[in-house]
Amino acid sequence: MKLGKWYVPVALGVILGLVAGSIVSYVSPAPTTEGEQAVSGAFVPPGKKDEYYMFASGGHSGQVYVIGIPSMRRIRTIPVFSRDSATGYGWDEESKKMLGGYTWGDLHHPALSETDGEYDGRFLYVNDNANNRAAMIDLKTFTTKQILGPIPNIMGPHSAAFVTPNTEYFMMATRFSVPMGGKYAPLDKYSKEYHGALSAQKIDQKTGKMKVAWQLKLPPWNYDLSDAGKKISGDWAFFTTYNTEEATELLEINASANETDYLVAINWKKAEQAVKDKKFEVINGVKVVDPTKVKGIAYLIPLPKSPHGVDVSPDGRWIVGSGKLDPTVTVYDFKKFIKAIEKEDFSGTKKGLPVVNFESVKEATVKVGLGPLHTQFGPDGYAYTTLFVESAVAKWKLGEWKVLDKVTVHYSPGHSSAAEGDTVSPDGKYLVALNKLSKDRHLSVGPSHPENMQLIDISGDKMKVINEAPIDPEPHYAQMVKADKIKPILKYEKDEKRPHSVWKKEDVRIEREGNHVTVHGLAVWTRFYPDKIEVNEGDKVTIYLTNIDLDQDITHGFAINLYDIDVEVQPGETKKIEFVADKPGVYPFYCSNFCSALHQEMQGYLLVKPKK
């Protein structure tokens, strides 16, 4: 099969990668000044609010960064897979239990909940590439409410996260192939005993919480990135693969030997039906469907070697695949894809899965530039592709299949995020390039440079860089949603029926049962009740602390010196803290979050009587 003269030798790809950020084939105007930003609308003056929230992954920090657009101001950091002493996350019992003993996670791809393919502002889902977990953030409180996993049978779910058009499922495919079920097999058995996997988590529409519903057993390849179909392709999902050579070492060479890798097209509705029809095996407690045994679930579409991004257009018709070593993006027509399936227009099979004839489904190849990675969309059929090697963003149009404009960024963009650019109706105002390098853009902070985000105005014929901001490692991916779609609460409502909460000082109590001491306390401006807790060395201590200040933004902290305890209690909230009093002595506790003029006076003592 010939795909045209797109082939770029691996050696050239490696060389270009080494000089990424310094090779530029298109010269655009330098980023504008702050004065010009004000004219363009990027400058948001004090007291004014942004038009959009952008939720960006924090990579190996295990956090989500919340950024206002167009100001580029960082509004909040949401801890998810890592403890955070600023908010006490990982010290109270609820968050400690969710973390499950893990101290970090590799958070890559945020996915907002959707209704009919539009962001609905309810929940945010994220993946942990390191520990095979998924998490749900409730956008009423901007706090993590569930961590699911480690999920069985998957390993490194980099090809996540995405939700189906009505948030039926949150799906994760694995970067690394391993023997399913946690079994051992030597690497020389890789092709026969190793598998990739897709895990589908069913979502409760009221609570947003997930549970593992079913999985697909896939060939032993690396599944890189993914996107859900939209509208006419809404029953489908698409994944890029690399290492279809099934190499286990020197992947930078051995995983680029084949002329093509694949897009994997999954009909998730048919997979769901296969589970209902009991066409599955149970592996490690999970229902696993083998699509080589159930017809109609999975198909392979050839794509130039070592692909990265796959992105579905707002109308669901065009599927855009990006090959890192290829200067083009390949566009497939979903309608042609369906016809090819109906006619069984296949060029053969690979690992038991049908390979759709490339020429039958390809619509166009667009020469975007060096190192295309990801594509976002605007209205009226415009598409925007990041060029990692070229340090640029290319603007092109669906149907015309040619580049209309380019803008230089600083430097080496990976993902980008357009205003509602992953939905069925993109806004088209702004696009943020998430650049991997910053070099000379900001004040030096030593050998570890910050990452760099740049805001691009995409509202006119020509793109303009109008703002930028440094950011901690690593904003791998982001989604941008209209601010008015998010409806956060300003405080927790007073709930006198909430278990273990107390709302009056008369109800404050310390109770002992054997060597277990339980404290029902409250925090109010300038005072803890109780402000003296006496226990014995070796006692298990449980503290339920309610913040009865119901004015918004009156947050109290609770920290105990030398006991490694720090929690944050929001207005109207109750937190549970547990520890063993294993250090005898006198230990002050205090409010760790500035709350009032008499904040310093908000303290007390934990007295731990030594054993006789």
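This is a predicted model: local features need pLDDT of at least 70, side-chain atom pairs count only at pLDDT 80 or more; totals for chains, interfaces and linings use all residues.
Local features were considered at pLDDT of at least 70 and side-chain atom pairs only at pLDDT 80 or more, whereas totals for chains, interfaces and linings use all residues. Residues are numbered from 1 along each chain as its sequence is written, and side-chain values use heavy atoms, with hydrogens and water left out.

Rings of Phe, Tyr and Trp (its six-membered ring) pair if their centres lie within 6.5 Å; planes under 30 degrees apart count as stacked, over 60 as edge-to-face and the rest as tilted. The ring centres of Phe55 and Phe142 are 5.9 Å apart and the planes meet at 40°, so this pair is tilted. Because Phe55 belongs to strand β1 (residues 52-57) and Phe142 to the loop between β6 (133-138) and β7 (143-148), the pair ties together parts that are 87 residues apart in sequence. Strands (E, at least two residues) and helices (H or I, at least four) are DSSP runs, numbered from the N terminus. Phe55 is buried, at 0% relative accessibility, and Phe142 is buried at 15%; buried means under 20% relative accessible area, exposed over 50% and partly exposed in between (1.4 Å probe, protein chains only). Elsewhere, Trp236, Tyr299, Phe334, Phe337 and Phe346 are linked by ring pairs into a cluster.

A cavity is a set of points where a 1.4 Å probe fits but cannot get out; a pocket is an open set with protein on both sides within 12 Å along at least five of seven lines; and lining residues have an atom within 4 Å of a point. Grid points are joined across faces, edges and corners, and a volume is the space filled by probe spheres set on the points.

The largest pocket holds about 1,300 Å³ of space. Its lining comprises 41 residues, and Arg76, Thr141, Phe142, Pro488 and Ile489 lie nearest the centre. Strand β3 (74-79) gives the most to this lining, with five residues.

Two cavities of 30 Å³ or more were found. The largest cavity has a volume of about 270 Å³; of its 26 lining residues, Ala161, Phe162, Ser226, Asp227 and Tyr477 are the closest to its centre. Strand β8 (159-163) supplies the largest share of that lining, five residues. The second largest cavity contains about 50 Å³ of space, and its lining includes Val519, Phe528 and Tyr529.

Definitions and conventions
On a 1 Å grid over the protein atoms alone, a cavity is a set of points where a 1.4 Å probe fits but cannot get out, and a pocket is an open set with protein on both sides within 12 Å along at least five of seven lines; lining residues have an atom within 4 Å of a point.
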